[in-house]
Amino acid sequence: MSAKKRFDVLGKPRRRVDGRAKVTGLTRFADDIVLPRMVHCKLLRSPLPHAAIVSIDTAKAQAHPGVRLVLTGRDFPVTFGILPVTQDEYPLAPERVRYVGDPVAAVIAKDEQTAFEALDLIEVKYKQLKTISDPEEALATEEPRIQSYGERGNIHRLQAYEFGDVGEALAKADHVFDDVFFYQGNTHLPIEQHASVAAVDGEGKLTLWSSTQVPHYVHRALANALQLPPAHVRVIACPNGGGFGGKCDLHNHEIVVSKAALLLGRPVKICLTREEVFYMHRGRHPVTMRMRTGVTRDGKITGMHTQTLLDGGAYGSYGTASTFYTGVLQTVTYEIPRYKFDAARVFTNKPPCGPKRGHGTPQPRFGQEVQLDKIAEKLRLDPAELRLSIVVKPNTLTANWLKIGSIGLAECIRKVVASSDWKNKHRKLPEGRGVGIACGAYLCGAGLPIYWNKMPQSGVQLLLDRSGQVTVFCGATEIGQGSDDVLAAIVAEVLGIDAFDVRVVTGDTGITPVDLGSYSSRVTVMMGNAAIQAAERVRDLIARAAADHMETLPENVGFAHGRVFRADDPGKLMSFREAIVLAEEKFGTLGSVGSYSPPRSPGRYKGAGVGPSPAYSYTACVVEAEVDKATGWIGVPRVWIAHDIGRAINPVLARGQVEGSVYMALGEALMEEQVFRRLPPKLSNALVHKIPSLLEYKSLTSLDMPEVFTELVEDPDPNCPFGAKEAGQGPLLPVMPAVANAIYDAVGVRIDELPITPDKVLAALEKKAKGENPRVGPEYFPDVPYPEPIQVLPPWEGGDGNAINAPRRPVPKEKVAS
Amino acid sequence: MSTQAPKNIHLTLRVNGESQEVSFAPYKTLLEVLREDMNLTGTKHGCELGECGACAVLADGVPVLSCLVLALESEGREIETVEGLAHGSNLHPLQAAFADLGGAQCGYCTPGILMTAKALVEKDPNPSREKIKEAISGNLCRCTGYQQIYESIEEGARRMREERR
């Protein structure tokens, strides 16, 4: 890492390097690609939530004028899935459909209209199976099984961990708080609908352009799905028109157009309709959770037990990881000496859930932060002071063996308390108005890749030549968050040039070094560290060549403002371009590579791989709410948020990530929900999506968006490039609970489930008027057969990071005929 | 269902100050003709039912949702798209402000918002924050939380007023 104190590029508000393309309409999204001889693909999707396919007749569709190809499940013998442990998806369902929207056939035709027409000509006979619509039904239904793998019946995953004797910790507490919460599912809703174009190049090899956040994972999984050598497959991630986690899977349509392009020998494009994007989903899991927390009289936590139940939908997706994430990050904000979590994911006949901004952590964070508000109320403590008194200390381990480095959370709390005028507002505003506070934390990159390997998680390559041009190559993906700008800025900072002097080439598995992709807030930290290494290596070469010329030592060569100079005599200088010429003369063609692997985590128990990160970002938030007691209508006029970013590489983009997180969080808090309903029995009794359109799926417009006061806390983390942490996901987490807490402050009702809608507020107000418990939320936590926990002693109880028991697990029932 | 393809119609559209003859199926929307038949892919789509605003273009200076307008209704109207905003290589002040101030994150809703903002600022050179919010309330952005968009429009309008001086 550079020891330089003053920065020329970093920390200054700048136009992002890809800004010009975005405002001129030149940014080429996947659906903007047009190739000669291109044909168009459409998918036929299941109208039933759970059924066996009896027969598919495609003859009429094949005979339709303009149709070039019709594909069905028979054309795709290999299953796929983004996680190696859940290879449970078919590009087109061969025998069984598992949710309304599951693809069963594809038509490739001269244009979209012709393909649509031909879809109607495909005749599919189905035999309906029992539909499993919610987690309790899934727990109670052994047969039929939606998937033939998993723990048993329709239980996909069961996880149980205990770090110290939590039963004892709760028994010794002065108070034990026991709450049940529900967080409804919602979806990413990127304005860009997923699109892909596949083509066979002059050498006969496959290229796929796609709106994907993870070209490397798609490359790997696509080659396997089509049984092609990976070296003959190239995946190019187009800039994404918003991702938010929804473009992290390998998707059915990506495999289908690839296969079609190989069969037809011509480019094939697909662009999903908005309705199909709702079916593709992979969004926020609906989670029911129970939290039992023991506290002392003065508000210290003695132990916590978190139980979660995730509604996974019909397939695995990232669900195994999502399930862990509903438990593992509960310990990184506040001191929790003993911790236990039980988590379960079940299959239901709905579109699969997966990773959405915050991946599995916003749901338990909501519960934890609302419960803390209840604790503060009961103990007559200020909720901000309570949090400040239990913030985790820097450079410590948590009970579940996560290593905390820098932590700027206390500073974040102090900042929002001051800027919001918290002390004069909390419990002091007139009836109907209130403020609420909450905190959150997130990973700066998942510690482990999704498939086991010991190779770097990010690679960066630099190419320089005598023209003075610097080109940087990296597999990272620009999804709007500004990763291309981060990459250019870091290279520019190290080489002493302008960010616009760096050409950025990213997200192309054919020409860029592997980076695992834009997920888990990993890009700034992992790509950034690799970029520093690559840039420092080539800077050393340039310094050696320039030092000879300026008759000094390489250590005495400085780089700034496009100049290379003697640090002890800045009058002796040359242009950056002249220095490259000297270096090319001395060393030959100039280039370098850098790579990054995260530090090893101290946890050694099975399952310790989910949760570790090179660093954690922290956020605190105060929300002001206004509640109309007559209508239940909730207004949010102002939000104050402070985010511990370590260091802001480009403050304009950092602020944009924080405010965008607040926006998305308010949608989840107040209106967004991906919900389903049963059709009446005479209309098939099917479970259908209630709102697969932008007309009914409500999100905030400019008129709904409050004023947001953003502050960045810069507490540089030694594991991060120039100290910079993530900003894209963490700031979402505290907003939802802060809204719930503000509503309580405003009108004294607890809404323990999201979204908080006017009808729920009114119902709670009615209860309050009748003298009942003024709360709306789940009444009980379902009976989940969690296994005996894996027990690991916390670091302060003599543990070494290994499990101290080896619980016996029931043998999962194997394949049941479909 | 009829399998007979409808006959194409021919007409002249005026887009970004240039007249161009185009031939397309009569059911096509202005959005589809711009993107598919005129290769003007700067205009985006996000919902196909007039909810997201990504497809906004100007027709005779007024923002319209091009996914709800038939191309054949657009003959004789002056259509403006994001491709026509810059003067040669010089960005329009609104474009420059959006690029500088974080008004564009992923950039997908940006063309529609830029066109809506242009119509607003040409009518009201110094729009209030409330007017800006109202003007773009039909353009959904999932990235920014809108604040940097407001600031970009205010700064773009300021630069336009300065240019006029």
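Trainee: What does A:Glu659 form a salt bridge with?

Mentor: With A:Arg655, and the closest N and O atoms are 2.6 Å apart. A salt bridge here is a side-chain nitrogen of Lys or Arg within 4 Å of a carboxyl oxygen of Asp or Glu. A:Arg655 is partly exposed, with a relative accessible area of 23%.

Trainee: And where do A:Arg655 and A:Glu659 lie?

Mentor: Both are in helix α17 of chain A, four residues apart, which is about one turn of the helix. Helices (H or I, at least four residues) and strands (E, at least two) are DSSP runs, numbered from the N terminus.

Trainee: Before I go on, what sort of model is this?

Mentor: It's a predicted model, where local features need pLDDT of at least 70, side-chain atom pairs count only at pLDDT 80 or more, and totals for chains, interfaces and linings use all residues. Residues are numbered from 1 along each chain as its sequence is written, chains are lettered from A and ligands numbered from 1 in the order in which they are written, and side-chain values use heavy atoms, with hydrogens and water left out.

Trainee: OK, new topic. How many residues of chain A are in contact with chain B?

Mentor: 56 residues of chain A, meeting 49 residues of chain B, where contact means heavy atoms within 4.5 Å. The two chains bury about 4300 Å² between them, 55% of it on carbon and sulfur atoms. That buried area is the accessible area (1.4 Å probe) that two parts lose on being put together, summed over both.

Trainee: Which three residues supply 16% of the area that chain A buries there?

Mentor: A:Val23, A:Ile191 and A:Ser702, more than any other three residues.

Trainee: How many salt bridges are there between chain A and chain B?

Mentor: Six. One of them joins A:Asp31 and B:Arg35, at 3.2 Å from N to O. A:Asp31 sits in the loop between α1 and β1 of chain A, and B:Arg35 in helix α1 (residues 30–37) of chain B.

Trainee: Are A:Asp31 and B:Arg35 buried or exposed?

Mentor: Both are buried. There's also a network of salt bridges linking A:Arg15 with B:Asp100, B:Glu155, B:Arg158, B:Arg159 and B:Glu162.

Trainee: Switching to rings: how many aromatic pairs are there over all chains?

Mentor: 17 in the whole structure. Rings of Phe, Tyr and Trp (its six-membered ring) pair if their centres lie within 6.5 Å; planes under 30 degrees apart count as stacked, over 60 as edge-to-face and the rest as tilted. The centres of A:Phe29 and B:Tyr108 are 5.0 Å apart with planes at 80°, so that pair is edge-to-face.

Trainee: Which loops does that pair connect?

Mentor: A:Phe29 is in the loop between α1 and β1 (39–45) of chain A, while B:Tyr108 is in the loop between α2 (93–101) and α3 (110–123) of chain B. A:Phe29 counts as buried at 1% relative accessibility, and B:Tyr108 does at 3%.

Trainee: What about A:Tyr161 and A:Phe163?

Mentor: They're stacked, 6.3 Å centre to centre with 10° between the planes. Ring pairs also link them into a cluster with A:Phe324, A:Tyr339, A:Phe341 and A:Tyr605.

Key. Buried means under 20% relative accessible area, exposed over 50%, partly exposed in between (1.4 Å probe, protein chains only).
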